[in-house]
Amino acid sequence: MTDKKKTVLVTGAAGSLAKRVIARLHGRYHVIAVDFRRKVETEPDIPSYKIEIHKRGFEDVFRRHKIDAVLHIGRIFPHEHDRTRRYNANVLGSKKLFELCRKYGVAQVIVHSTYYVYGASAYNPALLDEDAPLKASEVTQDLVDSVELENLAQIYLWKAPELNITILRPCNVLGPGVRNTMSVLLMRPLVPVLVGFSPMMQCLHVDDMADALVAAFEQNKPGIYNVAPDDYVTYQTMVEQSGCRKLPVPSVPPMLPKMISSALNWGSFFPPYLVNYFKYPVIIDGRLFRQTFGWTPRRSLNDIFSYYRKHKLLPH
Amino acid sequence: MQAFEKVKALSRLASRESLYRQIVTPDVEDQISRMPKPVGSYGYDAWGYNENAAKLGLGVVKLLYEKYFRVVAHGIENIPTQGRALFIANHSGQLPMDGVLIGGAMALNPHGPRAPRAMVDRFFPTVPWLGSVMTGIGAVIGDPLNCVKMLEQDEAIIVFPEGVRGSGKLYRKRYQLQRFGNGFMHLAMQTGAPIVPVGVVGCEETMPSFANIAPLAKLLGLPYVPFGPLLPLPARVYLNFGEPICFDNTATSEEAVTERVELIKDKIRELMARGLAERKSVF
């Protein structure tokens, strides 16, 4: 009997989210793991490559395997590399990826974006829909690559309908092993907060996000979706509940917190270009995704925060 | 004078806990718990309303409502106890005390309390603390998307269609309705939310403004700076809630919408006249 299992390429395989996605797909699909950081060791039957997707060698992966779907999770975080390198990897790399997908007849692409693309501004209404303008690049040059990746994906969404692109914009994804800015921040014992500001936030456990990615892949309903629970908490409550002590940072004049962040080299957890996200809310409406895919998060906010609380009790 | 005694009594209290208990009485807690208002696992909703902040806010508003402005409210049985609603009122008094007191009447309504939501100016979130406090007790920036989504989730929203035209007007123009925006009518028609007209009497006298210091307002980036008392005076306030009015989606032109807005304005004028007739003394 011929093998009917689909072959799925997962980028960013060394990350906490991708590892969970791979674990869920393993067995039911042929999984191929790709990461630019290191060759990931997972199951023996999962081919794994250390490769940068904007480099030429990436095409060999497509030549070697007949790939049916791509879960594009991998992204270089701002604190990992400089702006040019990040732009090359995130924007040019994704463009390369889309082109390869067209060339090799990939039938489905899931793009893991972020709620940061909406931009944090005092004028944001709450519960932003998917068609709200993406204003992040108005706020800072450092988020240009996130917005451009989105724009690029949206161009391919209509230019190459055969790719069945699904763009997911999750809120803060948190939990064990997650290395994004917010997670690195909550790991710390002492956390900066802007005096007089405590915007609303939404958080998602990394396991729920992995479920969401798998649901989006298996049900294949192309489009753009916010991924967020119907539960909300202020930033300062989140900091307290994660067992962090608060370090008050003066918020007036508006340039001051950015200067403090640069001067103290807080790039990995409270970077100057994200300061506005700690000041103004970016609350997204996750109804469309929840209804379309029949998905609801199974872990509560307290489940998420308790991980950070417990993490602080461990001896280091 | 009752209010002054109360403040004196409050200042003597040693611990914050007992001060809190003085403000957030069991009555207040009971009213909050009876509100049909869904919140998340930490007591917040998407717009930042927070139960604990609302308790404290209602406690303070209750003192203002009962002791300082000695509000007389008629027609509170017209406040829907469930479901979406728009409360449309005349705006006056420089500071939005009218909004606070209408909110007070809604939250303290013995027939069934509602968590009042108010649309506020877009500059509030940029002010440290003030933004967080206002958000916590139920204010949101006046964006149509906010309003639509809140009505869809069956919130009760206070809107002053006059905006700063009403609140910033001078004392000599008191009790004259300024131009109404049509936005609220479109929202009501779109979401099927009933409109409850409210006539407010007394707030004009809380902060009579004799001139607008325009250059200073421009310098501070504020819509207006009144020349008059610095804090609200303890004028008696009369609120008259009219019967809820529903509008269908049949108005096809902006003219037809304006006609409906005029209808609401007439209702509010009528309710204001009722309050003015009832009032025996300003203070």
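This note sets out, in numbered points, selected features of the structure shown above.

1. Basis of the note. The model is predicted: local features need pLDDT of at least 70 and side-chain atom pairs count only at pLDDT 80 or more, while totals for chains, interfaces and linings use all residues. Residues are numbered from 1 along each chain as its sequence is written, and chains are lettered from A and ligands numbered from 1 in the order in which they are written.

2. Meeting of the chains. Chain B places 19 residues in contact with 23 residues of chain A, two residues being in contact if their C-beta atoms, placed from the backbone, lie within 7 Å. On the side of chain B that touches chain A, helix H7 (residues 144-152) of chain B gives the most, with three residues. Helices (H or I, at least four residues) and strands (E, at least two) are DSSP runs, numbered from the N terminus. That side of chain B comprises nine nonpolar, six polar and four charged residues; Ala, Val, Leu, Ile, Met, Phe, Trp, Tyr, Cys and Pro count as nonpolar, Asp, Glu, Lys and Arg as charged, and the others, Gly among them, as polar.

3. The sheet of chain B. Seven strands of chain B form an open sheet with mixed pairing, in the order E1-E9-E6-E2-E5-E3-E4; two strands pair if DSSP finds at least two bridges between them. Strand E1 (72-74) and strand E4 (139-141) of chain B are the edge strands, each pairing on one side only. From one strand to the next, the twist averages 25 degrees. Within the sheet, strands E2 (residues 85-89) and E5 (residues 156-159) of chain B run parallel and are joined by four bridges, and B:Ala85 has B:Ala156 as its bridge partner in E5(B). Helix H7(B) lies across strand E3 (116-120), E4 and E5 of chain B, at about 145 degrees to E5(B).

4. The nonpolar core. The largest nonpolar core has 166 residues, of which A:Val10, A:Val21, A:Leu213, B:Leu86 and B:Phe87 touch the most other members. Such a core is a set of buried Ala, Val, Leu, Ile, Met, Phe, Trp, Tyr and Cys residues joined through C-beta atoms within 7 Å. Leaving aside residues up to four places away in sequence, the residues that B:Leu86 touches include B:Ile157, B:Val159 and B:Phe184.

5. Two helix pairs. In chain B, the axes of helix H4 (residues 51-68) and helix H5 (residues 97-108) come within 10 Å and cross at roughly 105 degrees, which makes H4(B) roughly perpendicular to H5(B). Their contact divides into eight nonpolar, two polar and one charged residue. In chain A, the axes of helix H3 (residues 83-103) and helix H5 (residues 144-159) come within 9 Å and cross at roughly 10 degrees; H3(A) and H5(A) are therefore roughly parallel to each other. The contact of H3(A) with H5(A) has six nonpolar, two polar and four charged residues. Axes are lines fitted to C-alpha atoms, for helices over the stretch in contact, and angles run from 0 to 180 degrees between N-to-C directions; angles under 35 degrees count as roughly parallel, over 145 as roughly antiparallel, 65 to 115 as roughly perpendicular and the rest as oblique.

6. Backbone details. The peptide bond from A:Val252 to A:Pro253 is cis, with omega near -5 degrees. A:Leu127, although not a glycine, has a positive phi of about 55 degrees. A:Leu127 is buried, with 24 other C-beta atoms within 10 Å; a residue is buried if 20 or more lie within that distance, exposed if 12 or fewer, and partly exposed in between.
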